[in-house]
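User: Please walk me through this model, one question at a time.

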Amino acid sequence: MISIKDVSHRYTAKGREETVALSNVNLEIEDNEFVTIIGPSGCGKTTLMRAVGGLVQPTEGEITIDGQRVTGPHQQAAVVFQNFALLPWASILDNVAFGLELQGMGKADRIAKAEQYIKRVGLSGFERKYPRELSGGMQQRVGLARALAVETPILLMDEPFGALDQQTRRYMQEELIQIWEGDRRTVIFVTHDMEEAVLLGDKVVLMSARPGKIEEVIDVDIARPRDPEAVERSEVFAEKKEYLWRRLREMYQVTA
Ligand SMILES: Nc1ncnc2c1ncn2[C@@H]1O[C@H](COP(=O)(O)OP(=O)(O)OP(=O)(O)O)[C@@H](O)[C@H]1O
């Protein structure tokens, strides 16, 4: 379980006013839960996710994973970035195997594991290609395979589909649901998209800006396995989306 207790974070840069990115955030995330985070730009979504990964040290409060306090980068989480963050000079196979090499895995094992995850994201046959030879959607599948391959219990996804066109994004959402339902991990998924938040999440965490805090945690009581098309036609999906939109609109009216 991930436990976020009274976490606040202030960024201080010389000669600049300090920014309160997070204020008194409390949240518990169960093992294998899929949590989406949504909120206005600058409300601290990325900061919260980075804090769980140990990449940001909160100025107050604490985060624990299975009771262990997070004090720096750790092996419990892998990250999928919006801009894919692939190594341009390395093949798809090497990109996916890279994290395994850092873990100290031997060559034959890491090639086998990388091939297994490349297959899982539907990219078999592209192992020897380079990132520039792939479309954006395919590059992000590589990013996903790389994060899955290290087999961490937690996946941190920071607007992973934000740079993709609408159809590709939709396709990737379907694939992610399928992959995750077959191979559950704890997922924290940051998004700007209300439909994406509801379609994917077991819970939607709604944050507000200035200072960044949690407004509400909304349970998405839609059964799994989820068939995205059926979900989108359902009443509960429409209700949750409408509710989120109303809450976000209220926030924009306050901050605009
Ligand atoms: N390294 C930093 N130094 C100073 N301020 C920062 C830094 N990183 C983020 N901030 C500020 O902290 C606040 C929260 O940023 P954060 O990126 O966590 O928000 P976000 O909700 O992910 O934003 P977005 O939706 O635009 O990606 C913002 O006001 C941002 O400008």
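Analyst: Gladly! Helices (H or I, at least four residues) and strands (E, at least two) are DSSP runs, numbered from the N terminus. The model is predicted, so local features need pLDDT of at least 70 and side-chain atom pairs count only at pLDDT 80 or more, while totals for chains, interfaces and linings use all residues. Residue numbers start from 1 along each chain, as its sequence is written.

User: Which element gives the most residues to the shell around the ligand?

Analyst: The shell includes Ser-41, Gly-42, Cys-43, Gly-44, Lys-45, Thr-46 and Thr-47, where near the ligand means a C-beta atom, placed from the backbone, within 6 Å of it. Both β2 (19–29) and α1 (45–52) supply at least two residues. The top contributor, with three residues, is α1.

User: How many of the shell residues are nonpolar, polar and charged?

Analyst: The classes are nonpolar (Ala, Val, Leu, Ile, Met, Phe, Trp, Tyr, Cys and Pro), charged (Asp, Glu, Lys and Arg) and polar (the others, Gly among them). Tyr-11, Ala-13, Thr-19, Ala-21 and Gly-212 are also among the residues around the ligand. By class, the shell has four nonpolar, seven polar and one charged.

User: Are α2 and α4 roughly parallel or oblique to each other?

Analyst: Their axes, lines fitted to C-alpha atoms over the stretch in contact, are 8 Å apart and meet at about 30 degrees, on a scale from 0 to 180 degrees between N-to-C directions. Angles under 35 degrees count as roughly parallel, over 145 as roughly antiparallel, 65 to 115 as roughly perpendicular and the rest as oblique. The helices α2 and α4 are therefore roughly parallel.

User: How many nonpolar, polar and charged residues make the contact of α2 with α3?

Analyst: Contact here means C-beta atoms, placed from the backbone, within 7 Å. On the α2 side are Ile-92, Leu-93, Val-96, Ala-97, Leu-100 and Glu-101, and on the α3 side Arg-110, Ile-111, Lys-113, Ala-114, Tyr-117 and Ile-118. By class that gives nine nonpolar, no polar and three charged.

User: What covers the buried residues of α2?

Analyst: A residue is buried if 20 or more other C-beta atoms lie within 10 Å of its own, exposed if 12 or fewer, and partly exposed in between. In α2 the buried residues are Ile-92, Leu-93, Asn-95, Val-96, Ala-97, Gly-99 and Leu-100. Their cover includes β6 (77–80), α3 and α4.

User: Is Asp-6 buried or exposed?

Analyst: Asp-6 sits in strand β1 (residues 2–11), and its phi is positive, near 50 degrees, although it is not a glycine. Most residues other than glycine have a negative phi. Because Asp-6 has 12 C-beta neighbours inside 10 Å, it counts as exposed.

User: Is Glu-151 buried or partly exposed?

Analyst: Glu-151 also has a positive phi, about 50 degrees, without being a glycine. The loop between α4 (136–149) and β7 (154–158) holds Glu-151. With 14 other C-beta atoms within 10 Å, Glu-151 is partly exposed.

User: Where is Pro-225, with the peptide bond from Arg-224?

Analyst: The bond from Arg-224 to Pro-225 is cis, with omega near 0 degrees. Most peptide bonds are trans. Pro-225 lies in the loop between β10 (213–219) and α7 (228–233).

Technical notes: Contact = placed C-beta atoms within 7 Å.
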